[in-house]
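Student: I would like a close look at one part of this model. Please take me through it in a single connected answer.

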Amino acid sequence: MFNLTYEFKLKPTTAQTVIFEDWLEQCRRVYNYALAERKHWFGSRSCQVNACSIRSEFIIPAETKRPTYASQCKNLTTARASIPALGTVQVHVLQQTRLTA
């Protein structure tokens with residue numbers, strides 16, 4: 001069997017490079033926020049109830065639901081309405097970024 005592969009090199013203009021860097025920055029922020037949200041939720045439930053210190057533990061109210069892909073995508077939709085920088089990046093890109101968190 002004979003397979004052909006092609007390799008292309010992108011040569012973006014300076015304006016395109018600025019746009020790509022902005023998209024990467026917005027994706028980084030979404031990823032870090034989603035990851036921090038999940039880590040805080042799990043961290044607030046990692047100790048035993050009788051052993052937690054109120055002064056040194058990060059406590060999230062017990063009625064707060066676990067952040068899921070669906071809930072974080074819904075929050076991303078509301079964040080895109082209030083944060084103009086997120087509106088420049090396509091929503092599918094941001095959701096896939098959130099998926100990898």
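Is phenylalanine 20 buried, exposed or partly exposed?

Tutor: Phenylalanine 20 is partly exposed, with a relative accessible area of 38%. Buried means under 20% relative accessible area, exposed over 50%, and partly exposed in between (1.4 Å probe, protein chains only). This is a predicted model: local features need pLDDT of at least 70, side-chain atom pairs count only at pLDDT 80 or more, and totals for chains, interfaces and linings use all residues. Residues are numbered from 1 along each chain as its sequence is written, and side-chain values use heavy atoms, leaving out hydrogens and water.

Now the setting. Phenylalanine 20 and tryptophan 23 both lie in helix 1, three residues apart, about one turn of the helix. Helices here are DSSP runs (H or I, at least four residues), numbered from the N terminus. Tryptophan 23 is partly exposed too, at 36% relative accessible area.

Next, the rings. Rings of Phe, Tyr and Trp (its six-membered ring) pair if their centres lie within 6.5 Å; planes under 30 degrees apart count as stacked, over 60 as edge-to-face and the rest as tilted. By this rule there are three aromatic pairs. One of them joins phenylalanine 20 and tryptophan 23: tilted, 5.9 Å centre to centre, with 55 degrees between the planes.

Tryptophan 41 and phenylalanine 42 also pair. Their ring centres are 5.1 Å apart and their planes stand at 85 degrees, so this pair is edge-to-face. Tryptophan 41 is buried, at 15% relative accessible area, whereas phenylalanine 42 is partly exposed, at 45%. The buried residues of helix 1 are Gln26, Cys27, Val30, Ala34 and Trp41.

How values were computed. Helix = DSSP H or I, 4+ residues; strand = E, 2+ residues; numbered from the N terminus.
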